[in-house]
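Colleague: I would like to learn how to read the place where two chains meet. Could you take me through it?

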2 protein chains.
Amino acid sequence: MAVQRYSKQRELILNDLKNRCDHPTAEMVYESVVKKCPAISLGTVYRNLNTLAENGQILKLSVGGADHFDGCTDCHYHLVCKKCKRVFDKWIERLPKEIADINDNGFEVGEINVTLYGVCKDCKGL
Amino acid sequence: MAVQRYSKQRELILNDLKNRCDHPTAEMVYESVVKKCPAISLGTVYRNLNTLAENGQILKLSVGGADHFDGCTDCHYHLVCKKCKRVFDKWIERLPKEIADINDNGFEVGEINVTLYGVCKDCKGL
DNA sequence: TTGACAAATGCAAAATAATGCGTTATAATG
DNA sequence: CATTATAACGCATTATTTTGCATTTGTCAA
């Protein structure tokens, strides 16, 4: 793989993601970083978020609709509300053994993603 | 919610998905059903796949890129190859207790999705 | 049966998401 | 410093998904 160079844009994107505790889409990250760097393009945000996710510096969440990104790579599950589309964290000590140990005949396992879809507390009353 | 009526198109779409063992995108399902029903539109395929997924008759998989659909709702994980983008099944008896029992303070849990990203056997050599 | 109601469709356009490409800029080398 | 290779950029385009609307079609009850 090619050597990664420094870029102001990528630094901004990573900082933004590390300093927020929600799970923004590329569009949301763009809206945030464009304030500090008006010339940045949405394409650059997409590209860098994907690069950072490939490097394991952030998490990419495909949860329906646009992808979301998570600045926290500690072990946790995601709870996705089907009504308001928000993503919540569920912290855990470690993955269940049955999942962590999966070795499916030659498939080289990388990131493991556990997502629970449902209805959040706030939306249940509505 | 309104009563669901029968439609030839929905039946074709569901049958197609039940009779294949891959994980097609909406576009792929369209290409298949249009052979049996030349007048069907891609919009109808999208609409019905989403309806069927909401009803729990099929699974909608958000794995990055276009959504994929799965006609088999039995308990299983998905292995997604980051190179060729194919989706493989990993059958299991039941979900680990730690996951099945999650009850996060008012969040009403529905579908649970476990996805492992990695590199498949075929792509590892390349 | 037949008429009425509304679910579902096909088409096309709009909205949303993601990528290709020519240009710019980082950083290693002489 | 000047040069050079190529990572990263911004813009424009393409890909994907949803939606509006006029029309068709499945159901139910008269």
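Modeller: A salt bridge is a side-chain nitrogen of Lys or Arg within 4 Å of a carboxyl oxygen of Asp or Glu. This is a predicted model, where local features need pLDDT of at least 70, side-chain atom pairs count only at pLDDT 80 or more, and totals for chains, interfaces and linings use all residues. Residues are numbered from 1 along each chain as its sequence is written, chains are lettered from A in the order in which they are written, and side-chain values use heavy atoms, with hydrogens and water left out.

Colleague: How many salt bridges are there between chain A and chain B?

Modeller: There are four salt bridges between chain A and chain B. A:Lys82 makes a salt bridge with B:Glu111, and their closest N and O atoms are 3.0 Å apart.

Colleague: Which element gives the most to the side of chain A that touches chain B?

Modeller: Helices (H or I, at least four residues) and strands (E, at least two) are DSSP runs, numbered from the N terminus. On the side of chain A that touches chain B, β5(A) gives the most, with 12 residues.

Colleague: What does β5(A) join in chain B?

Modeller: Two strands pair if DSSP finds at least two bridges between them. Here nine bridges link β5(A) with strand β5 (residues 108-119) of chain B, and the two run antiparallel. As one example, A:Gly118 has B:Val109 as its bridge partner in β5(B).

Colleague: And how many residues does the contact take from each chain?

Modeller: With contact meaning heavy atoms within 4.5 Å, chain A supplies 34 residues and chain B 33 residues.
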